[in-house]
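Open the model in your viewer and keep the selection panel at hand. The tour goes from stop to stop.

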Amino acid sequence: IQLLILFLCGIIANAIDCEHYDSNMGAKFDLSELTRLAGQPSYVVEDGDIPCTKQIEQNYTYIFNVCGSLISNIPAACTSLHSVSAANAIQVDKRATIDPSDDWCYIVGYYSDALTRVGLLDYEDPSKGLTITSYGDQCHDNTVRQFTIDLPCADKLNPIPTHAYEVAHCHYAITMPSVYGCPLECPVADRKLCGGNGHCAYDYDKGAARCYCNRGFHGTSCSDQGSDDGSSYSPALTGLIITLFIIIMALVASIVYMYKQVSAYKDDMAHYQVLKGGDDDETFGYNNGNGVTV
């Protein structure tokens with residue numbers, strides 16, 4: 001029932017194209033290269049123990065696809081599950097028996113445009129990467145299993161899962177750093193993100209992701225050598241420089257004005273003292289009767 005509700009909610013919320021995602025923040029993504037097709041192996045990762053925790057979590061094997069259903073590597077223990085052909089992620093609990101068909105298998109995610117959610121890892125910074133969430137069968141407590149693939153933006157052409165944790169009850173999270181988690185506005189050149197001469201980040205002034213080039217490189221993919229004076233400063237930095245210049249000029253003008261005022265005051269005091277000295281001489285002088293003023 002919960003799965004049906006999620007399906008209907010997905011239809012109401014409008015289905016999305018998992019392989020092509022637009023953040024509407026100046027960052028678009030293309031995940032089509034990550035989807036494994038016929039003849040290609042599915043992604044496989046075995047992990048489970050979360051580091052820096054007292055409890056030792058059990059390891060599981062996860063077999064999954066990105067924006068598509070599983071097409072290979074389906075273990076014998078899972079082939080008998082209904083709707084396994086529609087699954088995009090399965091969890092295998094290996095029981096260490098001779099016969100692999102004795103293993104326990106669970107569908108942790110189904111693929112469909114209605115049930116698949118694509119979003120940003122950081123809605124303040126779309127250059128951080130994407131996260132893809134799908135929903136599978138029910139857990140033993142009737143909650144729906146949830147499978148998440150985190151795609152952090154990284155300079156890695158070959159996407160390899162690095163972590164697989166059960167971050168919450170029946171919520172499984174895979175981490176797979178890749179250039180495909182980077183916006184298209186940060187292109188790959190010479191098989192390296194931003195040409196290997198910069199890094200991908202979000203430009204809040206322009207409202208779009210872009211490559212920030214190292215010194216001596218410029219261009220959309222940082223592949224061009226030499227300085228680029230036309231794009232050396234952002235509008236915010238230019239405005240800050242102008243503001244600081246105006247403040248400094250105002251301070252200089254104030255200091256010059258105060259200096260002139262102090263100088264004028266000193267001159268007035270000097271003149272006053274001269275005049276005052278002359279008046280005193282006239283006041284205290286007298287005639288001694290012999291025609292001499294003393």
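Select L237, L240, I241, L244, I247, I248, L251, V252 and V256. Together they form a nonpolar patch on the surface, with about 770 Å² of accessible area. A patch here takes residues with over 30% relative accessible area and no salt bridge; like charges are joined within 9 Å, nonpolar side chains (Val, Leu, Ile, Met, Phe, Trp, Tyr) within 5 Å. Areas come from the Shrake-Rupley method with a 1.4 Å probe, and for residues only the protein chains shown count as cover.

This is a predicted model: local features need pLDDT of at least 70, side-chain atom pairs count only at pLDDT 80 or more, and totals for chains, interfaces and linings use all residues. Residues are numbered from 1 along each chain as its sequence is written, and side-chain values use heavy atoms, with hydrogens and water left out.

Helices (H or I, at least four residues) and strands (E, at least two) are DSSP runs, numbered from the N terminus. L251 has a relative accessible area of 52%, so it is exposed. The classes are buried under 20%, exposed over 50%, and partly exposed in between (1.4 Å probe, protein chains only).

Next, select D150. Strand 9, residues 144-152, holds it. D150 is buried but has no salt bridge, meaning a side-chain nitrogen of Lys or Arg within 4 Å of a carboxyl oxygen of Asp or Glu. K128 is the nearest side chain of opposite charge, 14 Å away. Lys and Arg count as positive, Asp and Glu as negative; His and the chain ends are not counted.

What does the side chain of D150 make a polar contact with? Show T131: its side chain is the partner, at 2.8 Å. A polar contact is a pair of N or O atoms within 3.5 Å; within protein, one must be able to donate a hydrogen and the other to accept it, and residues adjacent in sequence count only if both atoms are side-chain atoms. Not counting residues up to four places away in sequence, D150 touches L121, L130, T131, I174, T175 and M176. Contact means heavy atoms within 4.5 Å.

Now go to Y204, in the loop between strand 14 (198-203) and strand 15 (208-213). Its relative accessibility is 54%, so Y204 counts as exposed. Show E124 and D125: Y204 contacts both, leaving aside neighbours within four places in sequence. The Y204 side chain reaches the backbone oxygen of E124 at 3.0 Å.

Finally, zoom out. The protein chain has two helices and 17 strands.
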